[in-house]
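User: I'm new to this one and would like to go through it with you. Could you show me the model, and then I'll ask how you know what you know?

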Amino acid sequence: MSKLDQILVLDPPVDLKFKGPFTDVVTTNLKLKNPSDKRVCFKVKTTAPRRYCVRPNSGVIDPGATVNISVMLQPFDYDPNEKSKHKFMVQTIFAPSAVSDMDALWKDAKPDDLMDSKLRCVFELPSENDKVNDVEATKAAPVMNSVKADPTAASVPAAAPQDDAEMKKVQEKCKRLQSDMNKLVEENRQLKDDGVRMRKAPRSDHMTTNSTSLLGREATTASLPSLLVVIAAIFIGFFLGKFIL
């Protein structure tokens with residue numbers, strides 16, 4: 001009786017490629033797909049069991065299902081002149097209706113019931129382009145992390161600092177205008193007091209002339225704060241309107 005063909009579909013089908021540098025654990029993936037309508041038991045073997053860690057290394061695949069296997073190569077001193085002789089074999093068998101003891105199943109399996117596929121290991125060093133891409137990815141990683149760390153940064157308008165500066169300028173101008181207005185009001189009050197004292201003093205032609213002149217300045221000065229209040233209100237409204245818009 002001829003040996004059965006492998007029922008599973010392997011990806012990759014022939015070579016397991018491991019890309020260095022090999023100073024750390026290097027992992028490659030192997031996919032096992034069951035296209036049949038039966039459950040299939042599998043087992044992964046290697047010629048160098050101390051050099052690899054396989055998870056999972058055995059199991060059962062349901063009809064139409066796929067299993068992803070991680071093959072981890074342990075760190076070692078790579079010699080490009082030395083060809084790899086490491087190999088893997090995926091051994092399979094149709095699962096019985098009830099599987100209770102996997103070890104007993106494989107031990108009692110008949111050779112004609114077993115199916116297998118062999119893969120060889122290929123070691124590759126990264127090319128110059130790969131090194132450049134890795135460096136660029138490493139430089140870009142901190143930038144991406146900073147963006148993720150502060151998701152609200154992108155939502156803050158760029159003009160916010162400028163708006164704050166404009167508001168401070170408007171507030172300073174308002175304070176200066178208010179201070180000037182207070183000074184003018186105080187001067188106006190003093191002029192009024194001087195006018196009252198002048199009217200109560202004895203009158204003479206000379207004093208009448210001075211009093212008339214002083215009262216004229218008083219009337220002119222009395223109207224000055226009102227005009228300044230209007231101007232200040234116009235300036236404040238202009239600056240506040242500019243900031244809001």
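User: Where does Gln 6 lie?

Analyst: Gln 6 sits in the segment before β1. Keep in mind that we're looking at a predicted model.

User: What makes Gln 6 count as buried?

Analyst: Buried means under 20% relative accessible area. Gln 6 has 19% relative accessibility, so it counts as buried.

User: How do you know that the side chain of Gln 6 makes a polar contact with the side chain of Ser 117?

Analyst: The cut-off for a pair of N or O atoms is within 3.5 Å. The two side chains come to 3.1 Å, so the pair passes. The side chain of Gln 6 also has a polar atom 3.2 Å from the backbone nitrogen of Leu 8. Leaving out residues up to four places away in sequence, Gln 6 touches Val 90, Thr 92, Met 115, Asp 116 and Ser 117.

User: What joins the side chains of Gln 91 and Lys 45?

Analyst: A polar contact of 3.3 Å. That value is within 3.5 Å, so it qualifies. Beyond neighbours within four places in sequence, the contacts of Gln 91 include Cys 41, Phe 42, Lys 43, Trp 106 and Leu 114.

User: How many helices and strands does the chain have, and how do they run?

Analyst: There are four helices and nine strands. Starting at the N terminus, the order is β-β-β-β-β-β-β-β-α-β-α-α-α.

User: And what makes β1 and β5 edge strands?

Analyst: Picture an open sheet of four strands in the order β1-β3-β7-β5, paired antiparallel. β1 (9-11) and β5 (52-55) each have a single partner strand, so one side of each has no neighbour in the sheet. From one strand to the next, the twist averages 20°.

User: How do you know that β5 and β7 pair?

Analyst: Pairing takes at least two bridges. β5 and β7 (residues 66-73) have four bridges, in the antiparallel sense, so they count as paired. Arg 55 stands opposite Ser 70 in β7.

User: Which residues have the most contacts inside the largest nonpolar core?

Analyst: They are Phe 18, Leu 32, Tyr 52, Ile 69 and Phe 88, in a core of 25 residues. Strand β7 gives the most to this core, with four residues. As for Phe 88, its contacts beyond four places in sequence include Leu 16, Val 44, Tyr 52, Val 54, Val 71 and Leu 119. There's also a second, separate core of seven residues, with Leu 105, Trp 106, Ala 109 and Leu 114 among them.

User: What pLDDT does the chain average?

Analyst: The average is 77, and 64% of the residues score at least 70. Over residues 152-159 the pLDDT is below 50, and that stretch has zero contacts in the model beyond near neighbours in sequence. Residues 204-208 stay under 50 as well, with three contacts beyond four places in sequence.

Note on methods:
Residues numbered from 1 in each chain as written. Predicted model: local features only at pLDDT ≥ 70, side-chain atom pairs only at ≥ 80, totals over all residues. Heavy atoms only, no water. Helix = DSSP H or I, 4+ residues; strand = E, 2+ residues; numbered from the N terminus. Axes fitted to C-alpha atoms, helices over the stretch in contact; angles between N-to-C directions. pLDDT = per-residue confidence, 0-100. Contact = heavy atoms within 4.5 Å. Polar contact = N/O pair within 3.5 Å; in protein donor to acceptor, adjacent residues only side chain to side chain. Buried < 20%, exposed > 50% of the residue type's maximum accessible area, 1.4 Å probe, protein only. Core = buried A, V, L, I, M, F, W, Y, C linked by side-chain atoms within 4.5 Å.
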